[in-house]
Amino acid sequence: MSESPSWMAALATAAILLAYEAALLVVQRRRPARLARTAHAGLREDWFQAVSQHKGSEILAVQTLRNSMMSATMAASTAVLALMGSMTLAAPALHGSAQAGQLQLTVRLALELLLMAMLFASLVCSAMAVRYYNHAGFIAAMPVDSDTRRRWAGTGADYLRRAGLLYGWGLRHLVLIAPLLASLLHPAAGPLAALLVVAVMYGFDRFNVR
């Protein structure tokens, strides 16, 4: 496949993913209750408020948050390992272009750079989710009937909401790299993989109100 069709296939892959994310933003503004990310964020806030009303639930709350923090840690570890691998793939091309005195942006190099950007975004989101889960854990460990717990209750719910959203974005970026990997194998496979990923993600993104 020549360079021009390869660029068109790569741009089509990116356009499909961007169009889907833009459509989700529109739905989130108009009908936020239809999206799983909004519903799950509310679920986490309701959970924190529920455990804050029952004395003796501190240990259960901390254990639940610890499990969530470990999940975010595993996502961050996966992202950083994949980022190191992608840097190993892109380094020879960048090094060769630097030695030649000019940077030639090929389709493969552009896809590799985009892949690294997605992995870095996943790493940052997952790491920040760990941070917020950690802070929420300190608040959840406070005695429920203490004045300090009541003073920090709103902050704990807010931190838990942020942590869940960031964790979701971290996983989302890991899933979105699949079409990029397919494009690296063959440019024509990128748009097909993007359509498949969008179809799968649509099932997870929608929320049936009951």
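This is a predicted model: local features need pLDDT of at least 70, side-chain atom pairs count only at pLDDT 80 or more; totals for chains, interfaces and linings use all residues.
**Briefing: helix packing and ring contacts**

Residues are numbered from 1 along each chain as its sequence is written, and side-chain values use heavy atoms, with hydrogens and water left out.

**Packing of H2 and H5**

- Helix H2 (residues 36-51) packs with H5 at an angle of about 150°, the axes being 9 Å apart, where axes are lines fitted to C-alpha atoms over the stretch in contact and angles run from 0 to 180 degrees between N-to-C directions.
- H2 is therefore roughly antiparallel to H5 (angles over 145 degrees).
- Residues of H2 including Arg 37, Trp 47 and Phe 48 meet residues of H5, among them Leu 160, Trp 169 and Arg 172, contact meaning heavy atoms within 4.5 Å.

**Aromatic pair**

- The count comes to one aromatic pair, for which ring centres of Phe, Tyr or Trp (its six-membered ring) must lie within 6.5 Å.
- Because Tyr 132 lies in helix H4 (residues 107-141) and Tyr 159 in helix H5 (residues 147-185), the pair ties together parts that are 27 residues apart in sequence; helices are DSSP runs (H or I) of at least four residues, numbered from the N terminus.

**Charges over rings**

- The charged end of Arg 131 sits over the ring of Tyr 132, 5.2 Å from its centre, the criterion being NZ of Lys or CZ of Arg within 6 Å of the ring centre and within 35 degrees of the ring normal.
- Arg 172 lies over the face of Trp 169, at 5.8 Å from the ring centre.

How values were computed:
Rings of Phe, Tyr and Trp (its six-membered ring) pair if their centres lie within 6.5 Å; planes under 30 degrees apart count as stacked, over 60 as edge-to-face and the rest as tilted. Helices (H or I, at least four residues) and strands (E, at least two) are DSSP runs, numbered from the N terminus. Angles under 35 degrees count as roughly parallel, over 145 as roughly antiparallel, 65 to 115 as roughly perpendicular and the rest as oblique.
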